[in-house]
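Student: I'm new to this one. Could you walk me through how to read the way helices sit together?

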Amino acid sequence: LGGGPGVCSLPPRKPRMRLKTDTSVVSRHGAVKNEDTFKTSPFHFDLWFYFTLQNWVLDFGRPIAMIILPLEWFPLNKPSAGDYFHMAYNVITPFLLLKLIERSPKTLPRSMVYVSIIMFVMGASIHLVGDSVNHRLIFSGYQHHLSVRENPIIKNLKPETLIDSFELLYYYDEYLGHSMWYIPFFLILFIYFTGCFTPVEEDSRMPVPALLLMGPSSLYYWYLVTEGQIFILYIFTFFAMMALVMHQKRKGLVLDSNGLFLFYSFIITLVLIAVWVVWLWNDKILRKKYPGVIYIPEPWAFYTLHMNNLHAAKESL
């Protein structure tokens with residue numbers, strides 16, 4: 001309408017504001033950010049330190065605490081100190097793994113991470129029960145370097161169907177529990193590893209704290225692989241890491257400090273396993289316990305076979 005006198009004119013329309021969609025925002029389904037693909041994270045010294053410390057104390061240290069502490073404090077029909085260590089491990093480790101995933105410069109598949117964490121807790125909890133009973137049997141003369149049916153304290157059980165029950169317990173402890181525990185564990189580490197690449201060569205260096213932590217971390221992985229009898233799972237994870245490194249190198253990407261720490265720790269672990277196997281290569285008793293193509297004795301089997309005998313010989317002098 002014209003703007004003459006006496007004529008009512010409409011106010012000019014405000015131009016519509018077009019909403020700009022930010023494609024870098026993560027969708028509710030966990031889509032990958034466009035802007036964070038090549039961001040680099042500093043070395044997570046706090047997380048790797050806590051991770052290594054609690055692994056040594058709560059995992060490796062639990063059977064040691066059970067043996068060292070007086071039996072009167074933790075009767076055989078009650079949870080041992082090692083069981084409480086295991087309970088703490090089952091809570092702290094998933095928390096640290098989630099924190100590690102959160103610090104990845106790349107947005108990782110959340111659904112896979114959550115399912116892996118759930119399976120990890122289930123497997124570690126199953127292992128808690130089986131491992132608790134198996135380690136308590138040491139006080140009754142159980143020998144880990146022998147199979148269940150070859151153990152003297154098991155042979156004389158009546159009725160004989162009780163032996164089947166102990167074999168079932170051993171299956172839950174050494175096979176089902178370990179599988180549900182370690183497969184998600186290594187899967188989460190590998191998922192995190194996929195986000196540890198950068199195009200900046202200067203970021204592909206490890207600080208001094210990383211070098212100091214590498215030894216204890218590698219030694220723990222050696223214990224984890226040998227005691228858990230998961231060499232195949234470990235070596236497949238390591239090969240997948242190597243393949244990913246070579247694939248990303250073709251794109252001009254290199255590992256950042258966190259990726260180098262994890263990758264080098266796995267390499268040192270492989271060297272330690274090789275030394276362990278060579279050292280015990282001619283042990284006929286352990287060879288009988290581990291007759292397969294892959295011969296990797298468990299440290300606790302070695303302990304009950306050789307160290308227990310050594311302690312008994314010292315006590316008899």
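Student: At what angle do helix H5 and helix H7 pack?

Tutor: Helices are DSSP runs of H or I, at least four residues, and strands are runs of E, at least two, numbered from the N terminus. Axes are lines fitted to C-alpha atoms, for helices over the stretch in contact, and angles run from 0 to 180 degrees between N-to-C directions. In this predicted model, H5 (residues 161-193) and H7 (residues 231-250) pack at about 10°, with axes 10 Å apart. Angles under 35 degrees count as roughly parallel, so H5 and H7 are roughly parallel to each other.

Student: Which residues make the contact?

Tutor: Contact means heavy atoms within 4.5 Å. H5 brings Tyr182, Ile183, Phe186, Phe190 and Phe193, while H7 brings residues including Leu233, Tyr234, Thr237 and Ala240. The contact divides into 11 nonpolar residues, one polar and no charged. Nonpolar covers Ala, Val, Leu, Ile, Met, Phe, Trp, Tyr, Cys and Pro; charged covers Asp, Glu, Lys and Arg; the others, Gly among them, are polar.

Student: Where does H5 bend?

Tutor: A bend is the angle between axes fitted to the seven residues ending at a residue and the seven starting there. H5 bends by about 40° at His178.

Student: And how many helices and strands are there in the protein?

Tutor: There are 10 helices and two strands. Buried residues (under 20% relative accessible area, 1.4 Å probe, protein chains only) make up 44% of the 317 residues.

Methods: Residues numbered from 1 in each chain as written. Predicted model: local features only at pLDDT ≥ 70, side-chain atom pairs only at ≥ 80, totals over all residues. Heavy atoms only, no water. Parallel < 35°, antiparallel > 145°, perpendicular 65-115°, else oblique. Buried < 20%, exposed > 50% of the residue type's maximum accessible area, 1.4 Å probe, protein only.
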